Amino acid sequence: MRFKSQRVAYYYFVVALLLYGLQVVFGLLSAAKYLGPDPLLHLLPFDKTKEIHTNILIVWVLTGFMGAAYYVVPEESRTEIYSEKLAYGQLIAWTLMGLTTVTGYVFGWTAGNKLLEQPLPMKVVIVLVMLAFLFNIGMTIRKAGRWTTTEAVLVAGLVLSALLYLPALIDFENYTVGIFYRWWTVHLWVEGVWELIQGGLLAFLLIRLSGADREVMEKWLYVIVGLTFIAGILGTAHHYYWIGVPHYWAMFGGTFSALEPLSFFGMAVYAYSALRRSGLSHPNRLALHWTIGSAVYSALGAGILGLAHTWPAVNKWTHGTLITAMHGHMAFFGAYVMIVLAMITYAMPALTGRDEEQSSAVGMWAFWLQVAGMFGMTMAFATAGIVQTYLEHILGIGYLDTQHKLSVHFVMLMGTGSLFAVGVLLFLVDFFFLAVKPRVHGDSRAGSGAAWTPSSAAQASK
Ligand code: HEM
Ligand code: HEM
Ligand SMILES: [Fe+2]
């Protein structure tokens, strides 16, 4: 850690990880309800557990992004954070908002469309906190008077995320119009501006972990950003096939969304070539695992599994089935969970004083159990989704009769989901108990702070 104020990242990561644990509990609960019996039916029915499961996901991933930005921006701009106090205040307001929102869901205080169900006062808090955050980051960069491309792409992603949240504040009378704009937030986040965040963090990590040349890495980052925008913006229309808008949208949706995997494949090739060129010998092997894992898993989950059902001729059958959940889980985990966990793992030695080389066995188990568990969960959702599509949409069997026949797949989901949950638990154990206390004084230790290169490592070992 080069700058003392980078320590605020630690507290963002603490909140993010606690919420991650809670999110997974609600995932298991939602899955268990498919199998029944459901003693919580009246207190917490499926719609509430699923709402809580997905909303906590969004809140904690955004918390992770903000923490990551507070770690990356000082290092890239080479200055302390403009106001540490504001950063802490903002975290407190954000956490209270998150907890109030989730508690509110239990009591049915909910508004708006799927994934954006936060009641209006909470939405206003979200906007204010985002503004405070962007102000703090903006002033930090201004104070330094310099920035890097990596950092600019990351910050652009964050600014655009805040802007794209604004349509969610409007309450549309007409359902079709409401759904039309809902995707401006949901789709343009995950298949647009969050990719800039992922790309920026990936570049940051690869430059440090592989020692790859910054100039080359940043040049290719532009290519990824370009591909994202070309495909992602009009690709929004792959959600417009069946909502009652004019037919020409289907053509746009089919064509442009089919190009979206290019930017995810681009990121995987990017990571692979950085390693090919510059080697794999960084001491923080755990961070390398999460970084490369994110590039590979998002290419699979978003790229391949997204492509699989994005064609109108396929989506006509699979729309709104468990095929969507299959893709949603692997894509979200690969792209956004894994990149946040990569940043946390990378920053952990500097933030906690833990030795870089001590990537503990527990950390490795946490990685492999989550990767394997998520793979199994994806397979369980996929098999369930294929059977569901066939029985319900092709044979015309009723929804509930179909669900009854799917229970074997939900047993698989519970099994693989439990493996996954153990992986998450081990990650938390590693972070909270095995790594040492947060470093209060920003005394710098060689390692995470400085850009790592094979030659610097060779020198250090001499
Ligand atoms: C990291 C990137 C991505 C994430 C996190 C993600 C996540 C999701 C989620 C959560 C949904 C369900 C949304 C809802 O119904 O509210 C969804 C739907 C969908 N995604 Fe993605 N996605 C990603 C990338 C992609 C890509 C690249 C494609 C196409 C190549 C794609 C194609 C689709 C389609 C067609 C649907 C609609 C499914 C339906 O009709 O029910 N996604 N995605
Ligand atoms: C033990 C782990 C987990 C289990 C058992 C689980 C289970 C579930 C279940 C049963 C649903 C409802 C599906 C439906 O609508 O029928 C769901 C939805 C969802 N989960 Fe999970 N989940 C887990 C972890 C995660 C993780 C780690 C993520 C993010 C990376 C995630 C993201 C989502 C999303 C985005 C949806 C909404 C999907 C859609 O609308 O189609 N879940 N989950
Ligand atoms: Fe989309």
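What arrangement do the six donor atoms around the iron atom of ligand 2 make? Select ligand 2 to find out: the six donor atoms subtend angles of 85 to 179° at the iron atom, which makes the arrangement octahedral. Here donors are N, O and S atoms within 2.8 Å of the metal (3.2 Å for Na, K and Ca), and water is not among the atoms, so sites may look incomplete. Six donors count as octahedral if opposite ones are over 155 degrees apart and all others between 65 and 115; four count as square planar on those terms, or as tetrahedral if all angles lie between 85 and 135 degrees, and anything else is irregular.

Before moving on, a word on the model. It is predicted, with local features needing pLDDT of at least 70 and side-chain atom pairs pLDDT 80 or more, while totals for chains, interfaces and linings use all residues. Residues are numbered from 1 along each chain as its sequence is written, chains are lettered from A and ligands numbered from 1 in the order written, and side-chain values use heavy atoms, without hydrogens or water.

Next, show His53 and His329, whose NE2 atoms coordinate the iron atom of ligand 2 at 2.0 Å. His53 sits in helix H2 (residues 46–77) and His329 in helix H12 (residues 322–352), so the pair ties together parts 276 residues apart in sequence. Helices are DSSP runs of H or I, at least four residues, numbered from the N terminus. His53 is buried at 14% relative accessibility, whereas His329, at 24%, is partly exposed. Buried means under 20% relative accessible area, exposed over 50%, and partly exposed in between (1.4 Å probe, protein chains only).

Now go to ligand 3, an iron ion held by His187 (ND1), Glu191 (OE), His238 (NE2) and His239 (NE2) at 2.1 to 2.2 Å. Its four donor atoms make angles of 85 to 142°, and the site is irregular. The donor residues follow the spacing H-x3-E-x46-H-H. Of these, His238 is buried, with a relative accessible area of 14%. Bring up ligand 1 as well: its iron atom is 4.5 Å from the iron ion (ligand 3).

Finally, colour the largest nonpolar core, which has 143 residues. Such a core is a set of buried Ala, Val, Leu, Ile, Met, Phe, Trp, Tyr and Cys residues joined through side-chain atoms within 4.5 Å. H12 gives this core its largest share, 22 residues. End on Tyr20, one of the residues with the most contacts inside the core; among the residues Tyr20 touches are Trp60, Phe333 and Phe420, leaving aside residues up to four places away in sequence. Contact means heavy atoms within 4.5 Å.

Methods
Helix = DSSP H or I, 4+ residues; strand = E, 2+ residues; numbered from the N terminus.
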